[in-house]
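I opened this entry to record what I looked up, in the order in which I looked it up.

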Amino acid sequence: MTTSKEKTAAKTAPGKDDSPDKKTTGLTVKKPEDFSEWYTQVVQKADLADYTSVSGCMVFKPYSYAIWEKIQQLLDAKFKQLGVKNAYFPLFIPESLFKKEAEHVEGFTPEVAWVTHAGDTKLDERLAIRPTSETIMYESFSKWIRSWRDLPMLINQWCNVVRWEFKYPKPFIRTREFLWQEGHTVHETAKQADDMVMAILNIYNEIAEQSLAIAVQSGRKSEQEKFAGALYTTTIEALMPDGKALQMGTSHQLGQNFAKAFGISFLGKDGKHQMPWQTSWGMSTRVIGALIMAHGDDKGLVLPPNIAPVQVVIVPILFEDSKKEVLAVAEKIKQQLQKENVTVEVDDRETYTAGWKFNEWELKGVPLRIELGPRDLQGKQAVLFRRDTAAKETVKLDGVAAAAKKMLGEIQQSLYNKSRQQLENGIAPAKSVTEVAAAVKNKKLAKAYFCGSAKCEAEVKEKADGANSRCMTLDDEEKKGKCVVCGKEGVVTYFGKSY
Ligand code: 87F
């Protein structure tokens with residue numbers, strides 16, 4: 001609560017309305033009016049990322065890195081429940097190894113960065129900087145796997161990868177270097193690999209929907225869109241407010257393709273040598289981009305509590321004569337919240353006004369703010385401010401921790417509901433290629449029957465302004481119909497433009 005006394009005090013503190021800081025803080029564009037500029041401003045002004053002199057690369061500043069660490073913790077715990085173990089492989093991949101499985105690199109070659117020299121000395125063999133680690137890992141797997149007793153082998157790696165893209169870079173969404181996890185598993189049977197692919201897809205789905213509060217459509221990629229080295233590829237796709245689809249995670253059934261190329265085999269229970277079945281899967285720092293786009297608003301970032309590095313910020317309203325008491329109560333509330341496993345900060349900086357702090361924390365998307373001034377103390381109350389709805393609620397001090405905890409749960413749920421609603425409203429049924437094109441033009445995902453062939457996909461792409469299939473439904477039994485392009489049997493498929 002801002003009092004007139006506080007406003008007077010504010011005049012002498014930095015960050016007051018007419019201070020030079022002002023122009024570097026608030027957003028100068030509205031999300032619906034210039035989405036791209038809005039995104040750029042949120043990324044910079046919420047202190048998530050910065051540029052460097054390295055073109056196409058970015059700095060993950062502490063605030064976005066903290067979000068990534070949250071995502072890492074959640075994913076890592078789920079992988080470990082499946083028995084997956086973490087390991088770390090070299091950043092460099094010798095050219096001969098890299099080109100062993102020719103099919104999978106085809107199409108990707110222009111994006112590979114190479115190390116050619118050490119000092120001024122030319123290397124005997126070029127080294128690829130990993131764009132993904134199938135080749136370097138599977139060389140090791142071929143040595144480690146001898147019998148069925150060694151299977152399943154479930155390995156994950158947290159690392160950086162480099163893909164030298166030439167499309168316009170966008171922080172988190174498209175950068176030449178990014179962070180991810182890549183999981184690689186080896187199984188005795190096709191069924192076990194299928195199950196692994198689905199278990200991971202479910203984990204990605206849970207992270208997207210329950211932690212990031214982003215509703216996704218999951219499914220299988222078409223022939224054109226699947227990973228060339230895979231039998232099939234599964235994906236989760238989100239719809240961004242500008243009408244573009246964003247792939248948030250992908251999980252591949254690799255079949256025996258890589259086992260053949262890398263000589264991975266095992267002595268089966270039947271005493272015979274067999275080739276194993278493999279999977280690979282990845283989720284990257286790109287999902288932070290999705291998070292920003294999905295929930296942010298005209299005031300900045302809006303973070304779902306389950307992923308927010310700071311879930312609650314307590315902003316004490318400070319005056320000389322009551323400062324001590326207010327700070328003591330703020331500290332007490334902090335401790336109560338910490339007991340409830342809530343991440344909380346008391347913003348006791350005296351160099352900024354309360355109003356300036358409110359704006360800053362709103363820009364940074366902290367889900368819940370607790371305002372506490374001398375008048376509140378007198379009334380034994382505090383004010384809770386919800387970032388997502390801007391709703392304020394006055395609560396009694398003795399129940400403030402419980403009320404805050406409850407509200408965090410409501411914010412999480414409400415952000416997800418909103419995202420689910422947006423996804424559902426953003427899907428338009430289409431009965432022809434023309435209708436697919438119309439839906440895409442309307443910034444929606446077109447839902448149409450599709451056979452999955454590369455030929456039909458090319459036709460859609462040409463007629464629907466570059467849109468492609470994002471995913472084909474997995475529960476296709478009851479959802480069969482005639483392909484909107486060729487009329488042959490197809491399944492429910494979502495089309496859209498992509499990032
Ligand atoms: C770029 C250059 C070279 C993607 C690339 O999806 C190779 C590749 O193989 C490449 N870009 N891919 C496909 C990656 C497949 C797979 N790898 C493990 C994943 C998830 C994590």
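**Notes on domains and ligand**

I began with salt bridges between domain 1 and domain 2, and the count is zero. I note here that the model is a predicted one.

Between domain 1 and domain 2 I have four residue pairs in polar contact, with both residues at pLDDT 80 or more. I sorted by class the residues on the side of domain 1 that touches domain 2: six are nonpolar, three are polar and one is charged.

Next I looked up the domain bounds. The assignment gives domain 1 as 4-10 + 303-413, domain 2 as 49-295 and domain 3 as 427-496. The contact between domain 1 and domain 2 draws 10 residues from domain 1 and 12 residues from domain 2. Taken over C-alpha atoms, the centres of these two domains are 40 Å apart.

How much area do domain 1 and domain 2 bury between them? I have about 940 Å², with 67% of it on carbon and sulfur atoms. On the domain 1 side, the residues that lose the most area to domain 2 are P304, I307 and P309, and together they make up 51% of what that side buries.

Which of the 17 residues around the ligand come nearest? My list reads F108, T132, E134, R163 and H252.

For E134 the distance is 2.7 Å, for T132 it is 2.8 Å, and for R163 it is 3.3 Å. The ligand taken alone exposes 480 Å², and the protein buries 95% of that.

How values were computed
Residues numbered from 1 in each chain as written. Predicted model: local features only at pLDDT ≥ 70, side-chain atom pairs only at ≥ 80, totals over all residues. Heavy atoms only, no water. Domains from an automatic or database assignment. Contact = heavy atoms within 4.5 Å. Buried area = accessible area lost by both parts, 1.4 Å probe. Salt bridge = Lys/Arg side-chain N within 4 Å of Asp/Glu carboxyl O. Polar contact = N/O pair within 3.5 Å; in protein donor to acceptor, adjacent residues only side chain to side chain. Nonpolar A, V, L, I, M, F, W, Y, C, P; charged D, E, K, R; others polar. Near = heavy atom within 4 Å. Areas by Shrake-Rupley, 256 points an atom, 1.4 Å probe, with all protein chains shown as cover.
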